[in-house]
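Dear colleague,

Please find the structure below, together with a short account of what was found in it.

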Amino acid sequence: MRKLFTCAVLGLMMLPQLAFAAGGGGSAVVIVADTRKTTGWEAWFANLYNDSHLYFALLTVVAIPIIGVVFGVAADFIMHHIGLDLKSRDLAEH
Amino acid sequence: MDFFYMLMPISGVTIFWPGLIILGIGVGIIGGFFGMGGAWMVTPGLNILGFPMAFAIGTDIAHMAGKSLVSTMRHGKFGNVDYKLGIVMLVGTIVGFEIGAQMIMWFERIGKVELYVRWLYVGLLTFIAWMVFHDVAKRKEKERAAKAAGQEIDKLATGIEWHKTIHKIKIPPMMHFNQAGFTCSIWAPVFVSFMTGWLAGILGIGGGLIRMPALIYFIGCPTHVAVGTDLFEVMISGLYGAGTYTYKGRTELVAAVIMLIGAAMGAQVGTVATKYIKGYGIRIAFGIAVLGCMASIIMKLLPRYIDGIKAFMDDLSTATVLIVVSSLSLYIFVKMLQGARREIAMKNGKA
């Protein structure tokens, strides 16, 4: 039963490929960052974007969770310092 | 004054960056409280700041991924995230979303995409708003009936009970969901998430606005668990969306990071506020948010039928969304402060 369930789930996950058989839209417009106005880290950033969207995407996927967690933990720290219980809540009704 | 304006290296525009932080805080509070990503709130906000629309969706999704991660971690500590339910629903959501996205391409080919999508959105939001307020009204009716009989209403009683019918479906495999607190056929959440994913794919939204009420009214999750579990899904779809939109060159990462600074802190405030507000309080506030979103879309549709009002309606639509976002985030923030004060006073009293 478990094997059957696993196969069914994997099969469902492959369905989008069938949907794509309907054909996609046209190719996307390419945007190029203008590096003439940028210096320092901004220039590095813009050049990374222009040179490789893949590396830029990897940077995004790594940086966003890290930055989110850092500032979330900072807010956590402030609230804990104030004296709030951040680990539990009373059982609430609907 | 120059200090408050920053050059965005990818899009090449100069943006008032404190505005991005304020927008992030407001959207973060609402997102952490209701369990949604908030694309419908962010786009008008970015429009006002002069942000290029080509980058709006990708930038929003990138910041949403980080904000949802923070909220999910916090809701998880409160016991609000049913990870098993979230993963099961992810399967249906992905499949439904891709089929919805393909249908959009069909609408594009027949040249009717904007009209159909907007009216579908209005119809859907009307249904969701009706569902929420009908549920509140029915529960109040039950409360009055219980009082008339000299009894207290069961704290876990709800107005709408459609989920009970869905739980009666016994197609195996059956699965128990610990945090949500029920057992049902696995096909129920898969089907519900397929439908919500399909609608999200057609409407081009993250789906939190649809999935949160679906978790409550069709799956039967308690409100807080619906919020937390929905955020878990938004986090996963947000990370995927951030990667794919950035790969297509549609993310202004600097703006996303600035918004995320505000949103990460706002999300903590919104999440902690759910400790102090009852489930039905969250539902009513959600209903108001849905009405605000619906009003802004109707304003964008009216110029199709009435000439000469497009510019005015566009501004009014943006103002409506920003007023709803500001009022709701202020309400949630004040409730959080009041609840925090009570909690600290009780702790000091005990000590």
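**The hairpin in chain B**

In this predicted model, Met174(B) lies opposite Ser185(B), a residue of β4(B). The two strands concerned are β3 of chain B (residues 174-177) and β4 of chain B (residues 182-185), which pair in the antiparallel sense over four bridges. Together β3(B) and β4(B) make a hairpin, with four residues between them. In its turn, Gly181(B) has a positive phi of about 80 degrees.

**The contact between the chains**

Chain A contributes 49 residues to the contact and chain B contributes 55 residues. On the side of chain A that touches chain B, at least two residues come from each of α1 (2-20), α2 (40-51) and α3. The most is given by α3(A), with 17 residues.

The crossing of α3(A) past α9(B) is right-handed. From α3(A), the contact is made by His53(A), Leu54(A), Phe56(A), Ala57(A), Thr60(A), Val61(A) and Ile64(A); from α9(B), it is made by Leu239(B), Ala242(B), Gly243(B), Thr246(B) and Tyr247(B). Eight of the residues in this contact of α3(A) with α9(B) are nonpolar, four are polar and none is charged.

With kind regards

Methods: Residues numbered from 1 in each chain as written. Chains lettered and ligands numbered in written order. Predicted model: local features only at pLDDT ≥ 70, side-chain atom pairs only at ≥ 80, totals over all residues. Left-handed = near helix turned anticlockwise from the far one by under 90°. Contact = placed C-beta atoms within 7 Å. Nonpolar A, V, L, I, M, F, W, Y, C, P; charged D, E, K, R; others polar. Pairing = 2+ DSSP bridges.
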